[in-house]
Amino acid sequence: MDALDREILGVLRTDARISYRDLGVRVGLSANAAADRVRRLVRDGVIAGFTAVVDPAAESGTGLTVFIDLTLRIGVTNDAFEQAVVGLAGIEEAVHITGAYDYLVRARVANPAELDALLRTIKKETGAERTSTRIALRSARRGRHV
C-alpha cells in the first residue's frame, strides 16, 4: 500500500459512493486506474466492505446508543466472549481494548429497561465480570443525536 492508496482510502472514508471518475479526479488518476486500485484494495482485504451509516434517530425514532466497558471473568477467553457477545440482540460492535477494561461494546437498545436486560444477559452469558455503561447523547461526527 502506498501514499496514493492511503489517499484513496481517505476519500472513500468520507464518501464511499463516489464515482470512480470523481475519485480519480480527486487523487490524480483516470477512472479506470482508480477503479483498479479500489478493486485491488478490496481483493487484498484492505477494504473489508462498504456500508451505509444510518442515523439511528431516523431509523427508529427512539432508542439509545450505549457504550459498555467490561472486564472478563478469570478463565474466560477472548474468543469465547466474542462468539457469545456478537450473537446478542442490540450489539453493534465489540472492540478488544487496552486499559482498565478488556472490551468496549457498542449497542443499541430501545429504552433503559432493555439496557438493563442486555447488561444482565451480557454478565450471565458472555463471561463478563464487571461493566460500566455510558449512554450517548449526541454524535459530534454527524452533529446529530444518536
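This is a predicted model: local features need pLDDT of at least 70, side-chain atom pairs count only at pLDDT 80 or more; totals for chains, interfaces and linings use all residues.
Reader: Fine. Which residues of H6 are buried?
Author: Leu 115, Leu 118, Leu 119 and Ile 122 are buried in H6. They sit on the same side of H6, because they cover an arc of only 100° around the axis.

Reader: What covers the buried residues of H6?
Author: The cover includes four strands: S1 (64-72), S2 (91-96), S3 (103-109) and S4 (128-135).

Reader: And which exposed residues are on the face turned away?
Author: Ala 113, Arg 120, Lys 124 and Glu 125 are the exposed residues on that face of H6.

Reader: How far does H6 reach from first C-alpha to last?
Author: H6 spans residues 112-125, which is 14 residues, and reaches 20 Å, close to the 20 Å expected at 1.5 Å a residue.

Reader: What happens at the start of H6, and what just after it?
Author: At the start, a side-chain oxygen of Asn 111 comes to within 3.1 Å of the backbone nitrogen of Ala 113. Just after the helix, Gly 127 has a positive phi of about 90°.

Reader: Is Thr 71 buried or exposed?
Author: Thr 71 counts as buried, because its relative accessibility is 9%.

Reader: Switching to the strands. How do S2 and S3 run, and how many bridges join them?
Author: S2 and S3 run antiparallel and are joined by 5 bridges. They form a hairpin with 6 residues between them, and Gly 99 in the turn has a positive phi of about 110°.

Reader: Which residue in S3 is the bridge partner of Glu 93?
Author: Arg 106 is the bridge partner of Glu 93.

Reader: And what does Glu 92 contact?
Author: Glu 92 is in strand S2. Beyond its neighbours within four places in sequence, Glu 92 is in contact with Arg 106, Ala 107 and Arg 108. The side chains of Glu 92 and Arg 106 make a polar contact at 2.6 Å. Glu 92 and Ala 107 are 15 residues apart along the chain, with their C-alpha atoms separated by 5.1 Å.

Reader: Why does Glu 92 count as partly exposed?
Author: Because its relative accessibility is 42%.

Reader: Now H3. Which of its residues are buried, and what do they pack against?
Author: Ala 34, Ala 35, Val 38 and Leu 41 are buried in H3. Seen down the axis of H3, these buried residues fall within an arc of 125°, so they line one face of the helix. They pack against helix H1 (3-14) and helix H2 (20-27).

Reader: What about the other face of H3?
Author: The face turned away from the buried side of H3 carries the exposed residues Asn 32 and Arg 43. Just after H3, Gly 45 takes a positive phi of about 85°.

Reader: Last one. In what order do the elements run?
Author: From the N terminus on, the order is α-α-α-α-β-α-β-β-α-β, with 6 helices and 4 strands in the chain.

Conventions: Residues are numbered from 1 along each chain as its sequence is written. Side-chain values use heavy atoms; hydrogens and water are left out. Helices (H or I, at least four residues) and strands (E, at least two) are DSSP runs, numbered from the N terminus. The expected span of a helix is 1.5 Å times one less than its number of residues. Buried means under 20% relative accessible area, exposed over 50%, partly exposed in between (1.4 Å probe, protein chains only). The arc is that of the directions from the helix axis to the C-beta atoms. Contact means heavy atoms within 4.5 Å. A polar contact is a pair of N or O atoms within 3.5 Å; within protein, one must be able to donate a hydrogen and the other to accept it, and residues adjacent in sequence count only if both atoms are side-chain atoms. Two strands pair if DSSP finds at least two bridges between them.
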